[in-house]
Structure formats: structure tokens, C-alpha cells
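This briefing covers strand pairing, nonpolar cores, the disulfide, aromatic contacts and backbone geometry. Please read it alongside the sequence and the structure.

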Amino acid sequence: MARSATASASNKNWFPEQVHLKLTPSSDQLAGCMPNVRVNVDVQLTTDRLGFDIFTVNAFNLPPNTTFTVFLLEKAGPPFGAAEYIGDFTSDRRGRSLNTFKLIVQEAFSSTLVNGVRTRVDLNQVGAWFADPKGDDFCLGRNSPVTPFDGDNEAGVQAFNSANTTPLPAP
């Protein structure tokens, strides 16, 4: 991940810090089926100024007319750990997608009990799943796994993740 500060100390209120992540296919098989895919995530860290960050997904060469669910994660790949659903994006007939989410990203965390002790887990990885269990059939076949990463508890496999980039910044 390239992390670039676009603000100096004197004009920090005018230009928020930005973070860029390049998501990559989650498996070699998916990479082979989508050799030219590009999924870029840009995050403007504006929580202190606006009360939320701006998380933009800009993708090209996706399977056409396909919806993906997006999660902030503890770990980019299995077993993922804690996960927070943040929204969906859908490709058009040409395999392009542009979607913006407004949420708190830089300070995203999960709080859970581990051995009776309240534990904080930072969510600074990103993953996207095929929202429909049949969405990955073009690559994995008709008997591909069904995962719980959608609101109806039935999604395809993880399509893309941030495993090959630096994690989002911790608070």
C-alpha cells in the first residue's frame, strides 16, 4: 500500500491524508480467470474533520454484472478473524465499478471476549466476496463453495483481498 500524506501541518484541514490499496485475486485460480482485473481502494482519512472516512472502490475488468460484498478484516485471507461488512459494489456490463462508502476506516475495530477478557482487534485488511454463490462459477465451476459473507448468509468465495499490500493504518 502506498500511504501518502497530501497535507502539511499548516493546511491539514484542507487536504486529508489518503491511503491507497491494490486488491488482488484471492487465489491463483481466480487470478488465472481474471488476468487483467484491477481493484483499487482509496481511503481519504477524514474522520476527525467529517465524522467518517471516504472509502472508494474503483475496479476494471471484473466479471460483468457481478455484485461483490466488501469487508474490513482482521486478516486478509483465511481464517479472516473478525470481519465487518461495509457494503456492496456491482460491475457494469463492461466489468467496471466505482463505488464510495462513508464509514470509519482508520479506527475500525472489533471488540470481543477472549478467555473472559475484553479484547480489541483492529480491522485493517480488506476483502471482497462474490455476493452470489453462483458468481464465481465462471471460474470455479458449479460446485464451488458457499460462504456466509453476504446478508442472506450465502455468498461465493472471497474474490479479492489486500494480502499483497500494507494494511490500513492502525489508530
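Two strands count as paired if DSSP finds at least two bridges between them. Strands β5 (residues 67-73) and β6 (residues 83-90) run antiparallel and are joined by seven bridges. The model is predicted, and the points below are grouped by topic.

- On the β6 side, Thr-69 has Asp-88 as its bridge partner.
- Strand β5 also pairs with strand β10 (residues 125-130), in the antiparallel sense, over six bridges.
- On the β10 side, Phe-71 has Gly-127 as its bridge partner.

**Strand β4 and its partners**

- Strand β4 is mostly covered, with six of its eight residues buried.
- Strands β3 and β4 run antiparallel and are joined by seven bridges.
- Within this pairing, Thr-56 in β4 stands opposite Asp-42.
- Seven bridges also join β4 to β7, and these two strands run antiparallel.
- The bridge partner of Thr-56 in β7 is Thr-100.

**Nonpolar cores**

- In soluble globular proteins, nonpolar side chains tend to be buried together.
- The largest nonpolar core here holds 34 residues, and Phe-55, Leu-72 and Phe-160 have the most contacts inside it.
- Two or more residues of this core come from each of β2 (17-25), β3 (38-45), β4 (53-60), β5, β6, β7 (97-103), β10 and β11 (158-161).
- The element that gives the most to this core is β3, with four residues.
- Another core, of six residues, lies apart from the largest one; Leu-73, Phe-80, Trp-129 and Ala-155 are among its members.

**Disulfide**

- A disulfide is a covalent bond between the sulfur atoms of two cysteines.
- One disulfide is found in a search of the whole structure.
- Its members are Cys-33 and Cys-139, whose sulfur atoms are 2.1 Å apart.
- The pair links distant parts of the chain, 106 residues apart: Cys-33 lies in helix α1 (residues 28-33) and Cys-139 in helix α3 (residues 137-140).
- The link of Cys-33 and Cys-139 is right-handed, with 80° about the S-S bond.
- Cys-33 counts as partly exposed because its relative accessibility is 34%, whereas Cys-139 is buried, with a relative accessible area of 11%.

**Aromatic pairs and a charge over a ring**

- A pair of aromatic rings is described by the distance of the centres and the angle of the planes.
- The whole structure contains 11 aromatic pairs.
- One of them is the stacked pair of Phe-68 and Phe-89, at 5.1 Å centre to centre and with 20° between the planes.
- Phe-68 is in strand β5 and Phe-89 in strand β6, so this pair ties together parts that are 21 residues apart in sequence.
- Both Phe-68 and Phe-89 are buried.
- Phe-71 and Trp-129 form an edge-to-face pair, with 5.3 Å centre to centre and 75° between the planes.
- This pair links distant parts of the chain, 58 residues apart, with Phe-71 in strand β5 and Trp-129 in strand β10.
- Phe-71 counts as buried at 8% relative accessibility, and Trp-129 is buried with a relative accessible area of 1%.
- One aromatic cluster is formed by Phe-68, Phe-89, Phe-130, Phe-138 and Phe-160.
- Arg-120 has its charged end over the ring of Phe-109, 4.2 Å from the ring centre.

**Backbone geometry in loops**

- The peptide bond from Pro-78 to Pro-79 is cis, with omega near 10°.
- Pro-79 is in the loop between β5 and β6.
- Phe-80 is likewise found in the loop between β5 and β6, and has a positive phi of about 60° although it is not a glycine.
- Asn-65, in the loop between β4 and β5, has a positive phi of about 50° although it is not a glycine.
- Asn-65 counts as exposed, at 55% relative accessibility.

Terms used
Residues are numbered from 1 along each chain as its sequence is written. This is a predicted model: local features need pLDDT of at least 70, side-chain atom pairs count only at pLDDT 80 or more; totals for chains, interfaces and linings use all residues. Side-chain values use heavy atoms; hydrogens and water are left out. A nonpolar core is a set of buried Ala, Val, Leu, Ile, Met, Phe, Trp, Tyr and Cys residues joined through side-chain atoms within 4.5 Å. Buried means under 20% relative accessible area, exposed over 50%, partly exposed in between (1.4 Å probe, protein chains only). A disulfide is a pair of cysteine sulfur atoms within 2.5 Å. Rings of Phe, Tyr and Trp (its six-membered ring) pair if their centres lie within 6.5 Å; planes under 30 degrees apart count as stacked, over 60 as edge-to-face and the rest as tilted. A charge sits over a ring if NZ of Lys or CZ of Arg is within 6 Å of the ring centre and within 35 degrees of the ring normal.
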